[in-house]
Amino acid sequence: MLAYLARRIVFGAAVLLGTSLITFVIAFVVPADPAVTMAGAKADPQTLATIRRELGLDQPIYIQYARFLNRAVHGDLGRSYIRRENVTELIASRFPATAVLAVAAMAVSLILGVAMGALAAAYHRSATDNALLVASLAFVSVPVFWLGTMLLIADALFVHFFPLGGYSGGASLVLPTLTLALGSAGYYSRILHTNLVDAMGQDFVRAARGKGLSPARVLLQHAMSNAMLPLVTIAGLDFAGLLSGVVLTETVFNWPGIGRLAYEAIFNLDIPLIMGTVLFAAFLIVIANLGVDLLYAWLDPRIRLAEMG
Amino acid sequence: MKRGRFPAIEVIGAAMVASLVLVALFAPWLARHDPTRAVAATYGDPGRPSLAFPMGTDELGRDVLSRIIWGARISLEVAIAAAAVTMTIGVAVGLVSGFFGGAVDFLLMRFTDVMLSLPALLLAMAFVAVLSPSLLSILLVIGIVSWTQVARVVRAETLSLSTRDFVTSARALGAPSARLLLRHVLPNVLPIIIVMAALGVSGTLLLEAALSFLGLGVPPPTPSWGRMIEEADIYFRTAPWLALFPGLAIFYAVLGFNLLGYGMLERRQRT
């Protein structure tokens, strides 16, 4: 188990190193001169030279990368060119809003997805199954930003209940969560359905049925415990997709999270903030995957015992 | 046993895709108005849907229906071309990785894992902003961030094919690797590639729409579904139809490709 854990951590670190390289490449190909971005177009050459020296932009590229990496490891992602604030602090201040939204959406999508998938498997090859299949594919096909916009319009014109954007407690969370959760719910529902139908054909399920257990109990207790395992991994991997959805959802709902921060950074070509938010997103994904790997190993005795033995 | 429902889903998907392709091809004949010109008398304010303009007009007096019809052209072009980039990278990585194995496989798959760990949209936004939006940069960027899933699936398929008897015997007869790969493995991976391509287009359609919505799409005045929704944003109380119809168009297109791809996938898994 320890060796397994160590391998996963080394892999996570490698992923972050790769990400840092990719973000650094993005920053390096930017045509805009950061010194000009900071000082303004009218700055004299001396000021620009000073800024370049302060930022280390006069150094060779690999030294710039090494410095960037060294500071990033120590939690220092530099200062935003536009906001003139510490990037790490900016991300930390925006993180809670994103975390609340992501966790709520994850929970809703899992509950909805598992319910739809289980229902479809229970009524395999019936009209219910067909309807749920089409519904889940429809969920996957709705553009996140359009769904958010439509919910806002419906609320503004007919419902008049939820706040039209911003983060102000429980009621403001409902529409963004729905917007973000629907796509993943459709996806999870398909996966669980496939796994459940597979499991239902296996010997241990037939044995359980042969014992005379009720169909509901066979499905929910015996088949489900096997079919849920792959879903854990998928949900972990889907975290990257969730964060992409977060950028759109936060933009539509004016949600003060990291997604909107990244969006603004990209529009202002605020390089340190772009690199910081992308790296932080990758960090979150690595942590999520690590958590899922451990959970999976712990849930599945075949891995748990093999790794310990 | 009852005949599966999946062929039906495939057929519906194929019909939806075909209808889109027809609309895109015949846009100049189907659209009653120039999508980039003011044609309504209500210039300055969005116009309600009416007999003359079934989906209304936007604040510049342009006919929404005509813009959506022309938008099909640009959306499909971008999505299909981006999917082609996606498939090229994904199939190449997957074939090489699965066929040669060993260190090549290890390195390529770890690189794939790194790319999978990145939020695709965020990465695409950063790339497009930096390269400045153009048709070419958008195509390339969407391709670069979306190939990972294809590579994984193709690799798995190649891996299982490489150990099959017909490949082993061709190898024993002295066929070079390139020939083995292109003549024996690739044709057998093709069916799953076609499925992934259909699903891939639905992904690139969504990504293109999202980039357009964020102002990072194909530059104006080319009508684009995603940007139409973004432009409708300030009129969401007074003219909700401006956001409604382009979104329905995206939804229809993505759903069509998803039904097609998913239907084909399910049938494959059955046989």
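## Helix packing and the A–B interface in a predicted model

Gly148(A) lies in helix H7 of chain A.

Leaving aside neighbours within four places in sequence, Gly148(A) is in contact with Thr179(A), Thr249(A), Val252(A) and Phe253(A). The C-alpha atom of Gly148(A) is separated by 15 Å from that of Ala171(A), a residue 23 places away along the chain.

Helix H7 of chain A covers residues 144-159, and its buried residues are Val144(A), Phe145(A), Trp146(A), Leu147(A), Gly148(A), Thr149(A), Met150(A), Leu151(A), Leu152(A) and Ile153(A). Just after this helix, His160(A) takes a positive phi of about 50°.

### Chain A as a whole

Chain A contains 14 helices and zero strands. Its C-alpha atoms fill a box of roughly 85 × 60 × 30 Å along the principal axes. Of the 309 residues in chain A, 40% are buried. When contacts between residues at least 6 apart in sequence are considered, 72% of those in chain A join residues at least 24 apart.

In the contact between the two chains, 37 residues of chain B meet 41 residues of chain A. On the chain B side, the elements that give two or more residues are helix H4 (102-116), helix H5 (120-131), H9 and helix H11 (241-270). The residues on that side divide into 28 nonpolar, four polar and five charged.

Helix H5 of chain B is mostly covered, with eleven of its twelve residues buried. The buried set runs through Ala120(B), Leu121(B), Leu122(B), Leu123(B), Ala124(B), Met125(B), Ala126(B), Phe127(B), Val128(B), Ala129(B) and Val130(B). Just after H5(B), Ser132(B) takes a positive phi of about 65°.

Within H5(B), one of the buried residues is Leu122(B). Not counting residues up to four places away in sequence, Leu122(B) touches Leu243(A), Ser244(A), Val247(A), Ala262(A), Val278(A) and Ala281(A). The largest nonpolar core has 168 residues, and those touching the most other members are Leu122(B), Ala124(B), Met125(B), Ala126(B) and Ala210(B). Helix H9 (residues 177-213) of chain B supplies the largest share of this core, 17 residues.

### Packing of H3 and H7 in chain B

Two packed helices are described by the angle between their axes and the distance between the axes. In chain B, the axes of helix H3 (residues 64-100) and helix H7 (residues 148-162) come within 7 Å and cross at roughly 35°. This crossing of H3(B) and H7(B) is right-handed. The residues that make the contact are set out by helix below.

| Helix | Residues in the contact |
|---|---|
| H3(B) | Thr86(B), Met87(B), Gly90(B), Val91(B), Val93(B), Gly94(B), Leu95(B), Ser97(B), Gly98(B), Phe99(B) |
| H7(B) | Val150(B), Ala151(B), Arg152(B), Val153(B), Val154(B), Arg155(B), Ala156(B), Thr158(B), Leu159(B), Ser162(B) |

The residues of the contact between H3(B) and H7(B) divide into eleven nonpolar, seven polar and two charged.

Technical notes
Residues numbered from 1 in each chain as written. Chains lettered and ligands numbered in written order. Predicted model: local features only at pLDDT ≥ 70, side-chain atom pairs only at ≥ 80, totals over all residues. Core = buried A, V, L, I, M, F, W, Y, C linked by C-beta atoms within 7 Å. Buried ≥ 20, exposed ≤ 12 C-beta atoms within 10 Å, placed from the backbone. Helix = DSSP H or I, 4+ residues; strand = E, 2+ residues; numbered from the N terminus. Contact = placed C-beta atoms within 7 Å. Nonpolar A, V, L, I, M, F, W, Y, C, P; charged D, E, K, R; others polar. Axes fitted to C-alpha atoms, helices over the stretch in contact; angles between N-to-C directions. Left-handed = near helix turned anticlockwise from the far one by under 90°.
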